[in-house]
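Colleague: I am new to this structure. Please take me through it one question at a time.

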Amino acid sequence: MSSDTLAKPPAAPGIPEPADVPRIVPQRRYGQWAAAVVVLVLLALAVNSVLRNKAFQWDVVADYFTTGSILRGLWLTLWLTAVVMVLGFALGTLLAAFRLSANPVLRAVGWGYVWLFRSIPILVQLLLWFNIGALYPQVFGVKTVNLLTPVAVAIVGLTLHEAAFAAEVVRAGILSVDRGQIEAAQALGLSRSRRWWRIVLPQAMRAIVPPAGNMLVGTLKGTSIVSVIAVDDLLFSAQLIYHRTYQVIPLLMVATLWYAVVTSALGLGQHYIEKYYARGTEHAR
């Protein structure tokens, strides 16, 4: 018997034949497409305005983009960012342990530190440390002005500021770990150090990495404020040049482009670190 002569099996009761199934038509979103076109047109106009505006002096930007003084300032900015982040998170982790301690004195000290340094603007902190010699002319027999150079002041001020925020980031990450998993690790007989390194920390990092990445980018950009105390960072290097040449906009664009390049690289690194710690979860991309 040929397959053409086979009888078509009857459809189940209540289920329409395939020919009777209505075709699903996607909803037409004309408003969204119109908004997208408007945004693209405005973006194209803005880019065209920036590229064609002679006041930006893009040829001058290209000339100064890789000059020695700019690259030295960039290197100091990157070095300062790395040092502040490492010291800030080291101190912040200690403060987070204080805030999570059962000892009320340690909890009060941790809370007080976070409250104080989150309340004072970073510029005010830098200026206070820069003028600390007015309060303490000598420390251990050494003149304060000789002990605290502008770079040292920048490291101290930025580190103390970052530690207050790092403490809250680390504390939130630790608190995000389910208490039941810690109790299960205790029931298995794992030591305290193994519980922290194998159970708590890997899971806490999922909550710590995103805000820590944002803090890293914020610290990189925040280092530009040290130019007010004459630290030869990227912005200060650009300022030294345009104070001599009066080409303010081109030199500011040089600094802006370098900040954009570095923050983009840091954002890419943050993406892969987040992906690494998100392994095994539905949020991994």
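Colleague: What is the pattern of the protein, read along the sequence?

Modeller: This is a predicted model. Its secondary structure comes to 11 helices and two strands. Along the sequence the pattern is α-α-α-α-α-β-β-α-α-α-α-α-α.

Colleague: What percentage of the residues of the protein count as buried?

Modeller: To count as buried, a residue must have under 20% relative accessible area. Among the 285 residues of the protein, the buried share is 31%.

Colleague: How far apart are the end C-alpha atoms of helix α9?

Modeller: Helix α9 covers residues 192-222, which is 31 residues, and a straight helix would reach 45 Å at 1.5 Å a residue. α9, however, bends by about 45° at Val 200, and Pro 202 follows within four residues. The end C-alpha atoms fall short of the straight value, at only 37 Å.

Colleague: Which helices do the buried residues of α9 pack against?

Modeller: The buried residues of α9 include Val 200, Met 205, Ile 208, Val 209, Ala 212 and Leu 220. They pack against α3 (68-100), α7 (150-175), α8 (179-187) and α11 (248-277).

Colleague: Is α9 roughly parallel or antiparallel to α11?

Modeller: The axes of α9 and α11 come within 10 Å and cross at roughly 180°. Angles over 145 degrees count as roughly antiparallel. Therefore α9 is, relative to α11, roughly antiparallel.

Colleague: How many residues in the contact of α9 with α11 are nonpolar, polar and charged?

Modeller: On the α9 side, the contact is made by residues including Pro 202, Met 205, Arg 206 and Val 209. On the α11 side, Tyr 259, Val 262, Leu 266 and Glu 274 are among them. By class, the contact has 12 nonpolar, four polar and three charged residues.

Colleague: Is Thr 223 buried or exposed?

Modeller: Thr 223 is found in the loop between α9 and α10 (234-245). Leaving out residues up to four places away in sequence, Thr 223 touches Thr 77, Leu 80, Thr 81, Leu 158 and Asp 233. Because its relative accessibility is 0%, Thr 223 counts as buried.

Colleague: What is the phi of Ala 230?

Modeller: Ala 230 has its place in the loop between α9 and α10. At 47% relative accessibility, Ala 230 counts as partly exposed. Although Ala 230 is not a glycine, its phi is positive, at about 65°.

Colleague: Where is Gln 57 found?

Modeller: Gln 57 also has a positive phi, near 50°. With a relative accessible area of 28%, Gln 57 is partly exposed. Gln 57 is found in the loop between α1 (30-52) and α2 (58-64).

Technical notes. Residues are numbered from 1 along each chain as its sequence is written. This is a predicted model: local features need pLDDT of at least 70, side-chain atom pairs count only at pLDDT 80 or more; totals for chains, interfaces and linings use all residues. Side-chain values use heavy atoms; hydrogens and water are left out. The expected span of a helix is 1.5 Å times one less than its number of residues. The bend at a residue is the angle between axes fitted to the seven residues ending there and the seven starting there. Buried means under 20% relative accessible area, exposed over 50%, partly exposed in between (1.4 Å probe, protein chains only). Contact means heavy atoms within 4.5 Å. Axes are lines fitted to C-alpha atoms, for helices over the stretch in contact, and angles run from 0 to 180 degrees between N-to-C directions. Angles under 35 degrees count as roughly parallel, over 145 as roughly antiparallel, 65 to 115 as roughly perpendicular and the rest as oblique. Ala, Val, Leu, Ile, Met, Phe, Trp, Tyr, Cys and Pro count as nonpolar, Asp, Glu, Lys and Arg as charged, and the others, Gly among them, as polar.
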